[in-house]
Each structure stands twice: as structure tokens, then as C-alpha cells.
Amino acid sequence: MTEPGIVALVGDTDFDGRSLASEPDAAGHPEIAVARQLFPNADSRIARSGADADVARLEATGLNAYFGQRHTVKDVTLALEPRSVTAIIGPSGCGKSTLLRCLNRMHETVPGARTTGSVTLDGEQLYGGGTSAIAVRRHVGMVFQRPTPFPTMSIRDNVAAGLKTRPGTPSRARLDEIVEDALRRAALWNEVKDRLGTGAIALSGGQQQRLCIARALATRPRVLLLDEPTASLDPASTQKIEELVYDLRSTVTVGIVTHNMQQAARVSDRTAFMLDGELIETAPTNTLFTAPRDPRTEAYITGRFG
Amino acid sequence: MSTTVVPRSTRMNRVKRRGMSGLMVTLTYVAAALATLPLLFIIAHIVKLGAGAISVDLFTKMPQPVGEAGGGMANAISGTLILIGIAAAVGVPIGIGAGLYLAEHKRTPLANTVRFLSDVLNGIPSIVMGIFAWQLLVRPVGHFSALSGGVALGAMIIPLVTRTTEEMILIVPNSLREAALALGYQRWRTSLSVILRTAMPGIVTGALVAIARIAGETAPLLFTAFGNQFWSTSLRQPIAALPLQIFTYAISPYDEWHSLAWAGALVLIGIVLIISIAARFATRSRFGAAVD
Amino acid sequence: MDSIESIRGMTRLDRDTAGGASIIGSDLGDRAYSVITTGFAVCIPLLLIAIAVEIGRAAWPALHQFGFGFLTSSEWDVQAGKYGAAPAIFGTVVSSLIALLIATPLSLGVAIFLSEFAPRWLQTPVAFLVDLLAAIPSVVYGLWAIFVLIPLLREDVVPFLRDTLHFGATPLFAGPAYGPSMLAAGVILAIMALPYISAVSREVLRAVPRAQREAALALGATRWEVIRDAVIPNARSGIIGGVILGLGRALGETMAVTMVIGNRAEISASLLAPGYTMASLIANEFSEATSDLHLSALMAVGAVLFVITIIVNAIARWLVWSVSVRHET
């Protein structure tokens with residue numbers, strides 16, 4: 001008889017997510033053997049502990065996306081590397097937002113939308129294999145172009161909103177901790193710490209967007225996707241958000257879509273350039289902007305179109 | 001495309017046309033004046049004739065037989081409140097549920113049918129609702145009841161609440177739904193905790209407006225609630241109602257009952273007014289800013 | 001700093017078959033939500049069917065007995081057990097027609113006033129006062145009609161029309177004028193229909209694009225000509241739809257009519273004679289119906305009213321809808 005749901009804390013193991021009991025051979029992995037000894041009856045899952053557990057690699061392979069007959073994302077292969085910020089740039093309509101939305105299975109919420117290809121999160125298939133879209137979205141968070149705080153909720157309730165669907169109810173104290181932690185990571189804590197109970201819509205646009213980031217972070221997603229997050233904000237708020245995105249890299253894998261090349265240059269480690277649904281080029285940001293390989297990339301970044 | 005035909009412009013012609021135009025414009029002013037008169041007349045009469053008969057007794061005493069002094073409409077007022085309570089309990093949940101369905105299924109055949117039939121339901125004369133409720137709920141049990149009256153009124157509320165609910169939910173921006181889904185919310189939780197919750201103030205307003213509308217209905221109550229000269233709060237007994245009482249008093253031959261009818265009309269309009277004002281307040285969101 | 005709770009979130013991706021209860025719950029929750037909302041929505045068609053069935057069932061004995069003659073026979077004799085709905089149908093039609101004759105020009109006038117000529121500061125109060133007419137309960141209209149309108153008609157209006165304007169020579173104004181009459185019903189119905197016709201007309205007039213008006217003005221049209229030639233033709237079907245909507249309201253009105261029409265099952269050419277409408281007939285006799293046949297006949301009248309109002313409202317809606325479609329294209 002197994003005891004379900006016990007999670008074994010192990011160190012930096014490659015078996016993250018797999019079942020203790022099912023691993024036939026623990027040779028070369030003494031931590032597995034130790035865990036088995038400690039929890040002989042556990043039907044447990046192996047997970048990483050500490051900040052390392054947040055490290056995640058999100059990889060799309062041969063990804064295609066359609067709106068009905070319109071082929072918007074064409075055979076894209078792209079990886080969001082762990083602990084880094086990857087920017088996706090390209091002219092309007094090139095499919096970068098659609099691509100991003102495929103990564104957390106939001107694309108399929110549109111009637112008539114279709115995806116083929118594969119997306120994996122640390123090796124786990126996000127499409128198919130019986131994985132539910134909802135589960136995916138709990139591990140891959142998203143912030144949209146327009147700030148969307150829930151208008152009927154206070155700042156605190158907004159940040160904690162994502163926790164409602166997780167199993168178990170944290171205590172009030174624990175909740176406050178989570179909220180504070182998320183707001184700090186979103187660089188909003190100091191501005192709202194005295195009015196957590198007030199309405200979220202009273203905040204300015206830039207603050208609302210940081211609130212949405214905090215809301216996404218509160219659930220500790222492994223990946224955070226940002227779809228043109230500063231497009232509707234003023235320069236001061238834009239700068240604050242760019243700084244916090246830059247800081248987030250140490251704890252979350254970040255993918256950011258932006259139409260602002262300077263922004264991409266400022267915050268990202270790697271940049272991908274898309275054109276007409278195709279991924280033209282991916283490179284470390286510096287390289288892409290100083291020595292792009294593809295002539296189309298060069299045309300775009302020198303402002304010849306887009 | 002319409003073609004505008006303008007008569008050839010000669011001097012005589014121009015004068016005539018301008019005169020005609022002036023006349024017609026004046027006529028519309030007259031029409032506007034005439035159209036606003038009845039309301040002012042009616043309100044004036046109600047206030048003048050009703051205020052005179054208003055007293056504390058009106059709200060605290062039962063009706064007395066003719067000739068005896070005193071007497072009030074306490075049972076009718078409470079009866080109306082009970083009836084609209086039943087109507088709300090029956091009609092508002094169904095209306096909200098149907099409105100949710102329509103907002104989410106938009107143009108499917110079933111949704112279109114329901115939307116169309118809801119409009120049809122809205123246009124059914126209230127007397128027809130009354131005889132339907134009688135046939136369904138009074139005839140089988142052999143006696144009138146507050147419940148049957150409340151149900152008749154509730155059925156009339158349904159199309160109104162359905163329409164406002166659908167409208168209010170469609171106003172909620174889709175980006176909110178996306179934000180909730182992106183957090184990992186299930187579809188049902190998104191619809192209820194986020195969308196419905198955001199639309200709530202508008203929905204409550206719509207429900208209150210609908211309730212104010214049926215608070216004054218008499219015809220559906222004629223053969224269901226029927227009226228009662230005594231105090232009653234039982235659902236299974238006939239019950240007094242303000243509109244019914246006004247009707248009875250108005251068509252009676254007694255002067256003192258006539259003035260009670262005016263007083264009752266004033267109270268009824270007052271109740272409708274209070275509910276309408278409450279509806280305006282409902283549009284303010286919890287956090288003070290008016291949600292539009 | 002992480003604890004068990006945050007690690008829980010780190011377990012490998014939940015699958016549908018295993019994993020957090022909240023995932024399985026989601027499928028169940030979604031399904032329950034769908035079933036429940038569909039159930040509520042389906043209540044509406046079910047209710048309508050129930051109304052049709054119940055009333056049809058109760059009306060059947062009378063309809064079966066009198067056949068088509070039920071609609072054409074003008075003999076409504078409770079004692080003799082003979083029931084013909086013609087007087088009631090006649091009365092409904094006539095009172096509604098009077099109402100429309102009075103209300104349509106007035107409503108159109110107000111609507112044109114509000115959408116074309118009214119200064120901004122007047123627009124809101126006038127519109128508010130006109131729309132407020134719809135909020136007054138029918139029984140209050142009846143009360144006012146009994147004690148204010150009928151005396152007004154009897155003492156001032158009818159003598160004016162009959163004697164001063166010599167309308168008394170026509171059959172329309174023949175006979176004694178005791179008070180309760182078809183005319184009174186028509187007038188009160190006109191007041192009750194006014195806000196509906198006016199509201200719809202206002203909407204459709206406003207929906208006519210500015211460009212139409214400006215084109216006409218540029219061609220030298222007077223203010224009235226702009227309205228007559230450029231605006232109204234475009235809004236015509238919508239306005240007609242509004243009028244028919246008002247008609248639908250008038251057809252079903254019960255209380256105010258019952259209180260002023262005299263409740264006599266007679267067909268008369270005179271507007272001053274009392275009469276019956278289908279709605280007031282039911283209201284008046286239902287509680288006192290002694291025989292089953294009487295009851296069934298009243299139900300049959302209700303069934304006729306039911307069908308007529310559905311048809312009229314459907315026409316109205318189609319007309320108004322076709323205007324909005326035209327302007328969207």
C-alpha cells in the first residue's frame with residue numbers, strides 16, 4: 001500500500017518529477033536509494049528543492065499554430081533556457097504572441113484554434129499524453145499586454161487569486177507571506193503595503209501591471225511568459241517592469257514578447273526574431289543585435305521595416 | 001441608399017417651404033409638451049389626493065369595512081413585499097443562469113432559440129400569465145395562494161433578468177477571462193468567480209429594475225394571490241397586495257375607499273421609486289468607483 | 001525559502017488520470033456548470049410550452065364546442081351559455097387602434113424633437129419624463145383615468161367634439177356618453193403606449209448616420225425637409241416596428257382598460273359606448289365564472305390573446321431588428 005502524495009526532497013537530480021517507486025535502478029544516484037530507505041512506502045514524486053527547483057527549460061519543437069485555416073506559427077523550434085530571459089521580437093502580425101500563447105496552451109482557448117508539434121517543460125509533454133491544459137497553465141504563468149486585475153477584488157485577493165485552485169488552503173499568515181513575497185518580486189510591495197485591502201482598480205496602469213506580475217508569481221510558476229507587458233504603459237512604469245524582469249531571471253525562466261527592440265536588448269539574455277510566422281534566428285541578445293546572421297534579421301533591427 | 005429630393009428653389013417656394021418647416025418644428029415642440037403633460041398630471045394628482053389620506057394608520061392597520069373609521073393597508077403592503085420576494089426567488093436565479101448560458105454560447109441554435117423565446121415570453125400579456133398560473137397552481141389545489149401569485153410574477157421577471165445578465169456579462173472584457181484561464185482557473189471557476197462576479201453590480205441593478213416593474217402588476221394576481229382582507233404571511237393562502245387593493249377600492253362606490261386608493265397609489269409609486277433608487281446604488285462597485 | 005506547499009506545486013505535471021483533485025474536479029466542475037446553466041436556459045422554452053399547453057388544454061372544450069364561430073359570433077351570453085368572442089376582439093382592435101392613432105404622431109413628434117431639435121439641456125429631462133410613463137403601474141393609470149380622465153372627457157372633450165366640432169353627427173360619436181367608453185380606453189392606452197413607441201423611434205432616428213442629414217442640408221433643404229426626406233425614410237421600418245411594439249403593449253393591457261371601458265359585451269360603432277377587450281373580459285369575469293364552459297371560454301379568449309400578441313410582437317421585433325442590420329452593413 002502506498003501513501004500517495006508524499007514528496008521526497010532530493011538534491012539536484014535528473015529524475016525530477018518521476019516516481020520513486022518506479023525507478024528500477026538507482027545505481028549512480030545515491031540520493032534515490034536514500035529516499036527509498038527513508039520513505040519505503042512512498043508513492044512519491046521526486047522534486048528539486050530550493051531555488052534550483054524553479055529552474056525549468058521550456059522547449060517548443062516543430063510548433064505550428066492555426067486560426068482556422070490561417071497558419072500563424074510555422075514550424076517553430078525554440079527553447080527558453082533555464083534561469084534566463086528570452087525575448088521574441090518581430091514586426092506586427094509575425095505570430096510572436098501566438099507562439100507565446102502556445103507555450104502555456106492559451107492559444108486553444110480561441111474557437112477554431114489548432115496547434116501541432118510539441119512543447120515540453122523539462123522534458124514533460126505539454127500537449128497530449130493526457131496532460132490537461134489547466135495543469136500546464138499552473139506551471140507556466142502569463143502576463144498580458146493590458147493590465148487585467150480582477151476589478152472586484154482587493155490587491156491582496158488579486159495576488160492570492162491563483163492560489164485558490166491549488167490543493168490545500170494555506171493559513172492566513174502563510175497567505176500574507178506569499179502575497180508579500182510575490183509583491184516584492186514584482187517591485188510593488190513598498191507602494192501598496194499599507195493598502196492591501198483596497199481595490200486593485202485604484203492603482204495606476206503601471207502598478208496594475210506589476211500587480212498582474214505578482215499575481216502570476218504568487219503561484220511559483222516554473223516559467224513566466226510576458227506578452228508585450230509594457231506596451232500600454234508610460235516610460236517610468238516601463239522601466240520599473242524591465243528592471244524587475246531582469247531580476248526575475250534568477251528564480252524563473254522568462255519569455256517575453258516585445259515589439260520594442262531596445263527593450264529586448266535591455267532585459268533579455270537571448271533573443272529570437274520572427275517574421276511571417278517563421279522563426280528566423282535565435283541568438284544571445286548581444287550577438288543578434290550586433291552581428292545577426294540572417295539578412296532579414298538585420299533588415300528588421302536596422303529599422304528597414306516593421 | 002436614399003435620394004433626397006429637394007423642391008426647386010424659387011422665392012415663393014422658399015418662403016412656403018420655410019414656413020412649412022417652421023410649422024412642423026413647432027408641432028414637434030407641441031408634441032413634446034403634450035407628451036410630458038400626462039406624467040406631470042398623474043403625479044400631481046397622486047400626490048395631491050394621496051398625500052391627504054396618508055397616515056401612520058395606513059401602514060399599520062388592516063382594512064376596515066366601509067363606514068368604520070380608520071383602517072389601513074398594512075396587509076397589502078406586506079403582501080406586496082412577500083410576493084415580490086417570491087417572484088425574485090423564482091425568477092432571478094433562472095434569469096441569471098439563462099443569461100450566463102446565452103452569454104457563453106452566443107450564437108448556437110439553442111442559444112438563439114432561447115433568446116428568441118425569452119423575448120416572446122416578455123411580450124405575453126400579464127393577464128395571460130395570470131390565468132396560466134391559475135390553471136397550473138390554483139385549479140389543482142382548489143384555493144388561491146400567495147405562492148401562485150409569486151410564481152406568476154416570477155415568470156414575468158425571467159426574460160428581463162436574462163437579458164440584462166447576458167448584456168452585463170458580454171460587457172466584461174475578454175481579457176479578464178484570459179487572465180483567469182492563464183492562472184490555471186477551470187472554466188467554471190472563471191465564469192463564476194471572475195466574470196459573473198465582475199458583472200454582478202449590473203446584474204443586480206437589472207434584477208431590481210425588473211422587480212420594480214412587477215411590483216405594480218395587478219392582472220397576474222387577480223386569480224392567484226386574489227387578495228385578503230386579513231393579515232397573512234402564509235404562502236398557501238390568498239394574500240393581499242397593494243395593486244389589488246387599489247383596484248378594489250378604485251372601482252368601489254365609496255368615497256373613503258377612493259381616497260384610500262389614492263393613498264395606496266402613492267405608496268405603490270413610492271415603493272417602485274425606492275427599488276429603482278436601490279438599483280442605482282447597486283451599480284457602485286464595492287470599492288466606491290462606479291463600474292460602468 | 002521554500003516549504004512543502006510550494007514544493008507541491010513543483011510536482012510533475014498533473015495528468016488527467018492522476019494528480020491533484022482539482023484537476024479531476026475541474027472536469028466535473030465544468031460539466032456540472034454546463035449542465036446547470038443549460039438547465040436554467042432551457043426553463044424558458046419549457047415555460048413557454050407549459051403556458052401554451054395549459055391554456056390550450058383549458059380552452060379546448062369551448063373551442064371544440066363553438067369551433068371557428070367562437071371568433072366570429074358576437075353573442076357573449078353567460079346565462080344562455082353562448083360564448084362568442086367577437087365583441088372582445090372588436091374592442092381590443094378598436095381601442096388599440098384609437099391608442100395608436102393618438103400615440104403615434106405624438107410619439108414621433110417627441111422622438112423627432114429629442115433627436116433633432118431639442119437643446120441639450122432639455123433632452124435629458126424630457127426624455128426622462130416620457131420614459132417614466134412606462135414605470136407607472138397599470139392600476140394607477142386606471143385609478144387616474146376613472147377620477148380624472150373620464151370626467152375630463154365627459155365634461156370637456158366630448159361636448160367639444162360632439163357639439164362644437166359637430167362630430168356628433170357621425171355614428172362615431174352617437175349615443176349617450178356616461179363615462180366609461182371605448183374612447184376613454186383608447187386615450188389611456190395611448191398614454192401607456194407612448195413611451196414605448198417614442199423610445200424605439202428615438203433609437204432608430206439616432207441611428208441614421210449624420211452624413212444623410214448633412215447631405216440634405218448641403219442641398220438646401222429646410223430643417224423639416226431634412227427630417228422628412230433624409231432621416232425618416234431611413235428609419236421607417238424601425239419606426240413602424242416601434243409602433244407595432246406599442247400595439248403589442250396596448251393589446252395586452254388589462255387593468256387600466258378594465259377600469260374605464262365599461263365591460264359590456266357589445267359591438268357598437270360609437271366611440272362613446274362601453275365595450276370589452278379580450279384582456280378586460282377575462283379580468284372582469286374570471287373570478288365569477290360559474291360553469292366549466294364559461295371558464296373554458298375565458299381561457300379560449302386568453303388563448304386568442306396569447307397568439308395575437310406573439311404574432312404582433314414578432315413582427316415588431318423583426319422590423320426593428322432589420323433596421324439595425326441595415327445600418328451595420
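Modeller: Happy to. Let's begin where chain C meets chain B: 76 residues of chain C are in contact with 68 residues of chain B. On the chain C side, helix H2 (residues 21-66) gives the most, with 18 residues. By residue type, the side of chain C that touches chain B divides into 51 nonpolar, 19 polar and six charged. Please keep in mind throughout that this is a predicted model.

Now to chain C itself. Chain C is divided into domain 1 (14-66) and domain 2 (69-328). Taken over C-alpha atoms, the centres of domain 1 of chain C and domain 2 of chain C are separated by 37 Å. The two do touch: the contact takes eight residues from domain 1 of chain C and 13 residues from domain 2 of chain C. On the domain 1 side of that contact, seven residues are nonpolar, one is polar and none is charged.

Val208(C) lies in the loop between helix H7 (182-207) and helix H8 (210-218) of chain C. Is Val208(C) buried or exposed? Val208(C) counts as buried, because it has 21 C-beta neighbours inside 10 Å, and the cut-off for a buried residue is 20 or more. Leaving aside residues up to four places away in sequence, Val208(C) touches Val231(C), Asn234(C) and Ala235(C). Take Ala235(C) from that group: Val208(C) and Ala235(C) are 27 residues apart in sequence, yet 6.8 Å apart in space, C-alpha to C-alpha.

Further along chain C comes helix H11 (residues 278-285), which is mostly covered, with seven of its eight residues buried. The buried residues of H11(C) are Met278(C), Ala279(C), Ser280(C), Leu281(C), Ile282(C), Ala283(C) and Glu285(C).

Of the 292 residues of chain B, 51% count as buried. Among the contacts in chain B with a separation of 6 or more, 72% come from residues 24 or more positions apart.

Chain A is worth a look as well. Chain A has an open sheet of four strands in the order S4-S3-S6-S7, with antiparallel pairing. Strand S4 (70-80) and strand S7 (124-125) of chain A stand at the edges with a single partner strand each, so one side of each is left without a neighbour in the sheet. Inside the sheet, eight bridges join strand S3 (residues 58-67) of chain A to strand S6 (residues 113-121) of chain A. One of the pairs is Asn64(A), whose bridge partner in S6(A) is Thr116(A).

A word on confidence in chain A before you go: its pLDDT averages 84, and 82% of the residues score at least 70. Over residues 8-17 of chain A, pLDDT stays under 50, and the model has 29 contacts beyond four places in sequence for them. Residues 43-54 of chain A also stay under 50 in pLDDT, with 46 contacts beyond four places in sequence.

Key
Residues numbered from 1 in each chain as written. Chains lettered and ligands numbered in written order. Predicted model: local features only at pLDDT ≥ 70, side-chain atom pairs only at ≥ 80, totals over all residues. Domains from an automatic or database assignment. Contact = placed C-beta atoms within 7 Å. Nonpolar A, V, L, I, M, F, W, Y, C, P; charged D, E, K, R; others polar. Helix = DSSP H or I, 4+ residues; strand = E, 2+ residues; numbered from the N terminus. Buried ≥ 20, exposed ≤ 12 C-beta atoms within 10 Å, placed from the backbone. pLDDT = per-residue confidence, 0-100. Pairing = 2+ DSSP bridges.
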